[in-house]
Amino acid sequence: MAGSIAGQEFPTGAGDEGVIGAASRRGVLRALGIGGTAALTASALAACSSSRNSSSGSTGTGDFPKTPAWKFAFINHVTTNSFFAPTQSGMKDAAALLGLPTPTWTGSENGVVSEMASAFETAISGGVDGIAIPLTDASAFIAPTKAALAAGIPVIAYNADASGNFALTYVGQDLYQSGYQMGLKIASEVTSGDILVGISQPGSLNVQPRLDGITAALKAAAPSVKVHTVDTGAAQADELNAMESAYQGLKGAKGIYAVDAGSTASIAQMISKYSIKGQVHAGGFDLLADTISGVSSGALDFTIDQSAYLQGFLPVLYLYMYRLTGTLVFPPATDTGLTFVTSSNVGPYASSNSWIEGGTNKALGTMPSSIGIPAASTVQS
């Protein structure tokens, strides 16, 4: 079967008419791009000037018709991890904007796939109106996703995607590509020798593709660099010990990196603790407080911003529009970005303490007097 969105043809999954597979979602992303997302978001925000909550449903947010009190469920793989604080803020803000109840936040604290699957099934049996879930396992969520769709419950993947699955779309970073770009950046700093790369859950599809991308990029750009993988574990509190132990066993490492938030923050702490700033290159992912301090101080060369807030905000908006229009507004695949945060642009991150990035400040952001010209866009034919 085949269909089209904005003139872009795409195949539907065999045996599952109207369900778009992961490979096709990437085609949709190329067709729509973030511009489609921005237009949809702007449209929704413009209509949301007079929202308010109601236990019986929306009273008609902006110019939208009245809706039931749609209840959305977010299932997560590390529910207490501080990386997802802005994600939870995003989902709450979007729900409040649209006059809906705050979505539930459930799943597993330590990346246990069976616990996530159980939470998924509970959400379905509870009759929720939409589900967002990171597809951290290639096969565990196929059956519950099909069951949800069969029950009229839309499912969106966020933060992690998996080929061969049937979520309507994906909202999150291109994980392999982010790892590949990080690998190229490492290759520009370290051309030979050993490096450590921390990973919270080897094999999990929210972080393993990044490690795979790093390895592939280094093989191509700096083949003399040897990667030593460090399993830091899903429990954020234990990641520092894991990284310290690995460093003690390989003090000659020329670089110390990580592909998850907690491990990256641990590297910044460790470099400060052992006073090795400037002796090793270092970097990683996300915007935890220790990480931003590490970039500011020079302990870390960089970290990567993947817009965790949007990974909560946009799924709620997309689920709302999908239900509001009776499936006419199909949720667009959305790459939430890859921004290298370095000493040259860390200032706003360090000073704002914004809730958008996991802080507490909800003040209106300060716009610069001028905006730098970004890289020119490219069009794929």
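Contact here means that heavy atoms lie within 4.5 Å. The model described is a predicted one.

Sorted by class, the contact of H7 with H8 comprises five nonpolar, four polar and three charged residues.

Two packed helices are described by the angle between their axes and the distance between the axes. Helix H7 covers residues 239-249 and helix H8 covers residues 261-273; they pack at an angle of about 55 degrees, and their axes are 8 Å apart. H7 and H8 are therefore oblique to each other. The crossing in which H7 passes H8 is right-handed.

**The sheet**

Six strands form an open sheet with parallel pairing, in the order E4-E3-E5-E6-E7-E13. Strand E4 (104-107) and strand E13 (334-335) are the edge strands, each pairing on one side only. The table gives some of the strand pairings, with the bridges that join them.

| Strands joined | Bridges | Direction |
|---|---|---|
| E3 and E4 | four bridges | parallel |
| E3 and E5 (residues 130-133) | three bridges | parallel |
| E6 (residues 155-158) and E7 (residues 170-172) | two bridges | parallel |

Alanine 73 has threonine 104 in E4 as its bridge partner, while phenylalanine 72 stands opposite glycine 130 in E5. Further along the sheet, tyrosine 158 has valine 171 in E7 as its bridge partner.

How many of the five residues of E3 are buried? Five of the five are buried, so E3 is largely enclosed by the rest of the structure. In a regular strand the side chains alternate between the two faces of the sheet. In E3, both faces are covered: Phe72, Phe74 and Asn76 are buried on one side, and Ala73 and Ile75 are buried on the other. Buried is taken here as under 20% relative accessible area.

A helix also lies across this part of the sheet. Helix H2 (residues 85-97) lies across strand E3 (72-76), E4 and E6, and runs at about 140 degrees to E4.

Methods
Residues numbered from 1 in each chain as written. Predicted model: local features only at pLDDT ≥ 70, side-chain atom pairs only at ≥ 80, totals over all residues. Heavy atoms only, no water. Pairing = 2+ DSSP bridges. Axes fitted to C-alpha atoms, helices over the stretch in contact; angles between N-to-C directions. Parallel < 35°, antiparallel > 145°, perpendicular 65-115°, else oblique. Left-handed = near helix turned anticlockwise from the far one by under 90°. Nonpolar A, V, L, I, M, F, W, Y, C, P; charged D, E, K, R; others polar. Buried < 20%, exposed > 50% of the residue type's maximum accessible area, 1.4 Å probe, protein only.
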